[in-house]
Amino acid sequence: MDLLRNSSDILIYPDLNLNAETLFPAFLFATLSYLIILFCNLTLILSIVLNKCLHQPMYMILLNLPINDLVGSTAFFIELIRRILSNSRTVHYSSCLTQAFFIHLYAAATILILTAMAYDRYIAICLPLRYNIVMTNAHVMRIIVGVWLLCVLMIGVLFFLLLRLPNCGTHLRHLYCDNPSLLALVCADATINNIYGLFIVAITQIVANGVILYTYLSILVTCFRSKRPDTKAKALQTCATHLTVYLLLECLGLFTIISYRIKGISSPLRMLLGAWTLIFPPVLNPIIYGIRTKEIREKMILYFRRKLEIYW
């Protein structure tokens, strides 16, 4: 087993097919994309952290979304930019494993954070008189800590099961490292890994979709029963925002999973689908929540206005 592991410490990515003419545009695209993600998500984080009026349960849970987006995009883009600059296809197994862990952590945490946000909106809209009693600071902190601990536990076990297997392959089939790509390189029975992987995906999807379906149906019923047009409009806008983000992530994730199962799909298309999951949500999430959420939008505008006044 040691010989098998040592023989494949260096892994090889798929060829990006970059030449002298396309190398700089590819580097520019990757760098600008990462900088945009950093700017948008850090702006949203600072808007919430620096404004005490946004230190409310909804925004405290929302704060974890841009933090998580930075985790996923950093794990993806730092390695991608390194490959482009060095024009190298190789990566050390430990570096690949680290990237895969954080990318899977990002995917799991996104689903659970959006589920927690749906729960918060359910309490706020359907049980408004009990909101301050239920969504205390301690309860919100338990939700946030529980989400991250559950994600670390699930993904930690996933990669613990992977590490016990001998690795004798070298050629990765994806643009970035992930569990399916690494599992395809092992030369032992990976039945337990496949069962556990499918189990955590199924459980996460059943729980998340069940909670979100129930909460938003309850919210819609409450909104249509409400006699206050402003309350109805605000609630529907909030739900539409959350559902847009959730459905986008679900569709991208579904396409990525399907691309692994279909043998005939081309490698460039598979890599493109995987990259979308790590590019579009981190870019769109802060824009959607920053622009469509009135309180955050106003604080962001005020912050930049003050900065402009200082420099001008």
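A: Helix α5 (residues 93–126) packs with helix α7 (residues 137–163) at an angle of about 145°, their axes being 9 Å apart. Helices are DSSP runs of H or I with at least four residues, numbered from the N terminus. Axes are lines fitted to C-alpha atoms over the stretch in contact, and angles run from 0 to 180 degrees between N-to-C directions. The contact of α5 with α7 has 23 nonpolar, three polar and no charged residues.
The model is predicted: local features need pLDDT of at least 70, side-chain atom pairs count only at pLDDT 80 or more, and totals for chains, interfaces and linings use all residues. Residues are numbered from 1 along each chain as its sequence is written, and side-chain values use heavy atoms, with hydrogens and water left out.

Q: How many salt bridges does the count come to?

A: Side chains of opposite charge can pair when their charged atoms come close. A salt bridge is a side-chain nitrogen of Lys or Arg within 4 Å of a carboxyl oxygen of Asp or Glu. The count by this rule is two salt bridges. One of them joins the side chains of R82 and E79 (2.6 Å, N to O). Both residues lie in helix α4 (residues 64–86), three residues apart, about one turn of the helix.

Q: Is E79 buried or exposed?

A: Buried means under 20% relative accessible area, exposed over 50%, and partly exposed in between (1.4 Å probe, protein chains only). E79 counts as buried because its relative accessibility is 13%, whereas R82 is partly exposed, at 33%.

Q: What are D120 and R121, buried or exposed?

A: D120 and R121 are both buried. D120 forms a salt bridge with R121, with the closest N and O atoms 2.8 Å apart.

Methods
Helices (H or I, at least four residues) and strands (E, at least two) are DSSP runs, numbered from the N terminus. Ala, Val, Leu, Ile, Met, Phe, Trp, Tyr, Cys and Pro count as nonpolar, Asp, Glu, Lys and Arg as charged, and the others, Gly among them, as polar.
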